[in-house]
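Please open the structure in the viewer and keep the sequence beside it.

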Amino acid sequence: MLPGPTQSGRVLAVSYGGGHVLMLIPVLKYLQSVGYDVQVVGLTTAAAALRNAGFSPLGFKDILRSDEDRARNHGARLAGEMHQPGKVNSLEESIAYLGLSYADLEDQLGEAGAREAFQQQGRQAFLPRGPMRRFFDALQPDVVLTTNSPRAELASIQVAAERGIPSVGVLDLFGLGSHNDIPADFVCVPFQQAADNLIRRGIRPEALRVTGNPNFDWVHQFSENSSQAADWRKAHGIRSEDLLALFAMKPVWDEKEELIVSSLERVLPDKPELKIALRPHPNGDTRLADNVIARLGSAAFVDDKTALPVAIDSCDALITHKSTVAVEAALLGRQVALFHTDRDYSTHAIPLSLYDWSSLSITVEEGVETLKAMQKETRQAQEERGKQIREAWNCDGNCPQRIAEVVIQAIESGAHQSAA
């Protein structure tokens, strides 16, 4: 059931799952702790993370009316193809989300236009302003807090603008592609270069706030704890002089994985000190790692049990592709070798190499040279690099408070003006 009006300031947060909702949860907890009424629309996979954090997320099922046969029929049809048990909140929520979003698409484009748009773009065609207006009608928020996602998150910013309600958007990473242009009144970014990227594409500088990303605050806390690296390496038979690289794998085998493994195959025979700890993707096929072991031999082993922070801390370098694990490794001061098939940073969006925080290889020849050049570093060198990168990323344990202060500023200003 949707809650009624409140006398205190009400924050409406709208978020999809993955790193986006995890980025907002500590901010929402902080806002609650200082007396704000927090209501959250948890979309698709976000609901479980919100419940685990102690919230009672709202969903599209809460605004689906009993007489909306058109939306229910569309939802049942689409959920039969798209619902993922165990990941999305419930079948009921999938039917409501898909059905209301598709019906709203028909309202915008007509039946034929909606059909064509959905065939071409799938769910990316959704911009459910109609359903979001129902949440606004019921909740009467004083501010909207969301992230850099299209569909319902973008729709919530647009509806806030319609009603003169201030909005705050939070950017997760570098802001290189136009899909990261958040048209909110205030836009929180993780570090200054991300703000510069947005400004170059027309976002108002005065709308931007450099706050850090709460998802990486664990790195600050971890860096202040005693390291378990020596014990971990000993348990895995890694000598102090060995150069240990953690290979963070993708869930599927593709040309990027082949690029990495082909480069390693070329380098390992002439670099015996290089050892590879394979980190299978949690959603991947375990046989992928077995195939890599068969190709790389005794220099490689699988480690899928260790907590990721400990695994990164115990290694000298990280090898991966498009993965936020690369950012975490850089923040911990590790060497990072990124592999991709092109230099289109706006697509693969982990451009650490632009800031001298990693290498980037797009061919086997480049990969071989990168891996050959890797050298064993002292712990002090790693700590100094990590400290510099954490300072650049505002990774100091206070990111949630800084974003919350922007939300409070938005409430107190009460005025809406688009960031774009």
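Select R151 and Y16 to begin: R151 lies over the face of Y16, at 4.4 Å from the ring centre. A charge is said to sit over a ring if NZ of Lys or CZ of Arg is within 6 Å of the ring centre and within 35 degrees of the ring normal. The model is a predicted one, in which local features need pLDDT of at least 70 and side-chain atom pairs count only at pLDDT 80 or more, while totals for chains, interfaces and linings use all residues. Residues are numbered from 1 along each chain as its sequence is written, and side-chain values use heavy atoms, with hydrogens and water left out.

Next, select R77 and Y102. Here R77 lies over the face of the Y102 ring, 5.2 Å from the ring centre.

Now display Y16, F60, Y97, Y102, F118, F126 and F135 together; they form one aromatic cluster. Rings of Phe, Tyr and Trp (its six-membered ring) pair if their centres lie within 6.5 Å; planes under 30 degrees apart count as stacked, over 60 as edge-to-face and the rest as tilted. By this rule there are 15 aromatic pairs. One of them joins F60 and F135, a tilted pair with 5.9 Å centre to centre and 55° between the planes. F60 is in the loop between α2 (46–52) and α3 (69–82), and F135 is in helix α5 (residues 129–139), 75 residues apart. Helices (H or I, at least four residues) and strands (E, at least two) are DSSP runs, numbered from the N terminus.

Are F60 and F135 buried or exposed? Both are buried, that is, under 20% relative accessible area, whereas exposed means over 50% and partly exposed in between (1.4 Å probe, protein chains only).

Move on to F191 and W393. Their ring centres are 4.5 Å apart and their planes are at 15°, so this pair is stacked. F191 lies in the loop between β5 (186–189) and α7 (192–200), and W393 in the loop between α16 and α17 (399–413), so the pair ties together parts 202 residues apart in sequence. F191 is buried at a relative accessible area of 0%, and W393 is buried at 2%.

Finally, select helix α16, residues 379–392. Its buried residues are Q382, G386, I389 and R390.

Notes: Expected span 1.5 Å × (residues − 1).
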